Amino acid sequence: MEANRIYNFNPGPSMLPLEVLKEAQAEFLNFQDTGMSILEISHRAKAYDEVHNQAKADILELMGLGDDYEVLFVQGGASMQFDMVALNFASAEKRGNYVLSGSFASKAYKEAEILGRGYVAASSKDVNFKHIPAQEEIKLSDDAAYLHVCYNNTIFGTEYHYIPETGDVPLIADMSSDILSRPLDFSKFSLIYAGVQKNLGPAGVALVVARRSMLEKSPADLPTMLRYDTYYSKNSLYNTPPAFGIYMVGKVAKWLKAQGGLEVMAERNKKKAALVYDAIDNSNGFYAGHADKDSRSFMNVTFRLPSEELEKKFVAEALENQLGGVKGHRSVGGMRASIYNAMPYEGCEKLADFMEKFHKANA
Ligand SMILES: *Cc1c(COP(=O)(O)O)cnc(C)c1O
């Protein structure tokens, strides 16, 4: 870690690998001998084309997906995907089914509701989203167009540790905050999307990975930019794409491959999370975790302190120790440590150390 940088525990936008930032910096003024920055070249230029297609190929490779899947880059963030999913796949006759497991899951459902196409298949709202609903709790409607899940709940710090069985009903997942953090059988999902600013790059791009059969034909009455088939048929180049964001996503994907892929990342992420969860569990209740143990997220660790006064003090003193962005979301309160792929092991070690010292000094 460079002396003038902090361990950035912000939930998103969030920490990016230092190697990736440096690489982008080194070629910033003259991208591949074009005499231009990546920010200045045409999205129709050959140099850009390679960036675009390589990023797509690397993402499919990391996910272990074959030719029956396609990668799209869409603007509007994950929130735009809430709309596109409901518009492209749900209707008044075939409703989008949703598991409400947190804020973003509920926001996705709300968009379907606005269109009169939403159905709640399960919810953990009554316990302030401290766990992920179990398979047995999910009750699909007879007319289900799809089941939408939010795979990692960024605000509440919970994550799925199973893939919901949906039979013939397509499974759609918002993986904004845990995309490419661990290997999964991604072929169980018909469509996965993620705002990339949590785990993959800068804000401005949503990554969509979907079965081709989902993307080939959108409803006739949808405007061009809201149709998946527009992005699909034009290789996400119907209009000017968020080229810099896609370039950074490509660099992060390459970095992930160089680390050893998703198995290695999962191993690392598990160890990192264990450091922080152990600091909570070994504190005799000084730190209280929000998530039920069997739903704990490897990406966002949420916990409270005995008083709001101590929480304020914790945030301030953490920053003095190069640990930034640990303040939690107002709907949970307390702290949240977001420890995505780019957070090094030492960052979590430092945080766990600090938590122990802070506990001793303030018990
Ligand atoms: C941050 C986040 C969103 C919202 O992403 P935007 O790109 O800001 O629209 C949606 N879902 C999850 C799980 C998130 O973490």
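Helix α3 (residues 77-89) supplies the largest share of the shell around the ligand, namely four residues. Helices are DSSP runs of H or I with at least four residues, numbered from the N terminus. The model is predicted, so local features need pLDDT of at least 70 and side-chain atom pairs pLDDT 80 or more, whereas totals for chains, interfaces and linings use all residues. Residues are numbered from 1 along each chain as its sequence is written, and side-chain values use heavy atoms, with hydrogens and water left out.

The ligand is surrounded by 13 residues, the closest being S79, T154, D174, Q197 and K198; a residue is near a molecule if one of its heavy atoms lies within 4 Å of it. This shell divides into four nonpolar, seven polar and two charged residues. In that classification Asp, Glu, Lys and Arg are charged, Ala, Val, Leu, Ile, Met, Phe, Trp, Tyr, Cys and Pro are nonpolar, and the others, Gly among them, are polar.

| Residue | Protein atom | Ligand atom | Distance |
|---|---|---|---|
| A78 | polar backbone atom | oxygen | 2.9 Å |
| S79 | polar side-chain atom | oxygen | 2.6 Å |
| D174 | side-chain N or O atom | nitrogen | 2.6 Å |

Taken alone, the ligand exposes 390 Å², of which the protein buries 85%; accessible areas come from the Shrake-Rupley method with a 1.4 Å probe.

I114 belongs to helix α4 (residues 103-114). Because its relative accessibility is 60%, I114 counts as exposed, a class that requires over 50%. The C-alpha atoms of I114 and D83 are separated by 9.7 Å, with the two residues 31 apart along the chain.

Terms used
Helices (H or I, at least four residues) and strands (E, at least two) are DSSP runs, numbered from the N terminus. Buried means under 20% relative accessible area, exposed over 50%, partly exposed in between (1.4 Å probe, protein chains only). A polar contact is a pair of N or O atoms within 3.5 Å; within protein, one must be able to donate a hydrogen and the other to accept it, and residues adjacent in sequence count only if both atoms are side-chain atoms.
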